[in-house]
Amino acid sequence: MKATYWMLDETPGLVGVEDKDGNKRYLNRYFWGIKAKLKKPCWFIYEHGSRGLKAIKAYLDNFIGFFTSDGYVVYSLYQDLYPDKHRSSCLVHMRRYFVDALEESREIAMWFIEHFGWLFANEYEFAKQGLTGERRRIVRLKQSKSIMDWIKKELEKYERSGYKHLGKQIKRALVYAKKEWHAFETVLQNGDVEVSNNLCEQMMKHIKMNLKNCLNIGSEESALDYAFMFSALESCDINHLSPESYFKGLISGLHDKKVEKKLLLPCYIRL
């Protein structure tokens, strides 16, 4: 909660759920993932497998920093309810819609893909130079804002036209980008905010791959354990810790009453 920047995503998995009569069915349930890139903890959440707003709302309500997500309706709804919250949208997700529209409307789609590419190229250079968050914010205003303004004007032009005579795929891409553009402009307010949610998506891939291998999770109690274990494993990964060494240090520390529990988190522990 003390982190200033989160990245969020969610992914489904089959979980064994019992009804009131004790009959079990395997249903699609959702795991939420939070990656606090700067302080370096990762956090998986299982709230009875819900993908609704109630599952993540309490966490976001207590968080006062910036967060990046895709355009899933829950995030947009939350931002509408709480406009003072700082949500940023993922540029990679926007780009995917235009890639899907290439065969249908190549000229329009390529214009946006090219301009998105210029923004990604800038971010690559900023990372290569090792810019701090504040310095990156300043340079973004000088080098990326003008590109973003061109894109915004183009999106507004198509919106004013009512998307007439456009195919389904390109219209979908334009509508999505226009809806998300205001949120994306948050990257100009804070240089620590990434232009894409890729780092969080990569984290979620590990949980998805394991679910693909094991096929299902036997119960909701096991799903909670699963979320905890992946929280620890992914936090070890981002902090370059051996999971075996971390759990050894964690268990040892939990038996030492003099050790502050916070210092046992992967981002603080000293092994």
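Is Lys178 buried, partly exposed or exposed, and what is its relative accessible area? Lys178 is partly exposed, with a relative accessible area of 26%. Buried means under 20% relative accessible area, exposed means over 50%, and partly exposed lies in between (1.4 Å probe, protein chains only).

This is a predicted model: local features need pLDDT of at least 70, side-chain atom pairs count only at pLDDT 80 or more, and totals for chains, interfaces and linings use all residues. Residues are numbered from 1 along each chain as its sequence is written, and side-chain values use heavy atoms, with hydrogens and water left out.

**Overall picture**

The protein chain has 271 residues, and 46% of them count as buried. Its C-alpha atoms fill a box of roughly 65 × 50 × 35 Å along the principal axes. The secondary structure comes to ten helices and five strands. Helices (H or I, at least four residues) and strands (E, at least two) are DSSP runs, numbered from the N terminus.

The average pLDDT is 93, and 100% of the residues score at least 70. pLDDT is the predictor's confidence in each residue, from 0 to 100. Confidence is highest in helix H6 (residues 145–160), at a mean of 98, and lowest in helix H8 (residues 198–214), at 87.

**Salt bridges**

The whole structure holds 14 salt bridges. A salt bridge is a side-chain nitrogen of Lys or Arg within 4 Å of a carboxyl oxygen of Asp or Glu. The table shows some of them.

| Pair | N to O distance |
|---|---|
| Glu10 and Arg51 | 2.9 Å |
| Lys152 and Glu185 | 3.8 Å |
| Lys178 and Glu159 | 3.7 Å |

Take the pair Glu10 and Arg51, at 2.9 Å. Glu10 lies in strand E1 (residues 5–18) and Arg51 in the loop between E3 and H1, so the pair ties together parts that are 41 residues apart in sequence. Glu10 is buried, at 8% relative accessible area. Arg51 is partly exposed, at 29%.

Next comes Lys152 with Glu185, at 3.8 Å. This pair links distant parts of the chain: Lys152 sits in helix H6 and Glu185 in the loop between helix H7 (168–184) and H8, 33 residues apart. Lys152 is partly exposed, at 32%, whereas Glu185 is buried, at 17%.

Lys178 bridges to Glu159, at 3.7 Å. Lys178 lies in helix H7 and Glu159 in helix H6, so this pair joins parts 19 residues apart in sequence. Salt bridges that share partners also join Lys37, Glu123, Arg136, Arg140 and Glu194 into one network.

Most residues other than glycine have a negative phi. His48 has a positive phi of about 55°. His48 is found in the loop between strand E3 (42–45) and helix H1 (53–61), and it is exposed, at 64% relative accessibility. Leu215 also has a positive phi, near 75°. Leu215 is in the loop between H8 and H9, and it is exposed, at 59%.

**A surface patch**

Phe228, Met229 and Leu233 make a nonpolar surface patch of about 260 Å². Patches are made of residues with over 30% relative accessible area and no salt bridge: like charges are joined within 9 Å, nonpolar side chains (Val, Leu, Ile, Met, Phe, Trp, Tyr) within 5 Å. Accessible areas come from the Shrake-Rupley method with a 1.4 Å probe; for residues, only the protein chains shown count as cover. Leu233 lies in helix H9 (residues 220–238).
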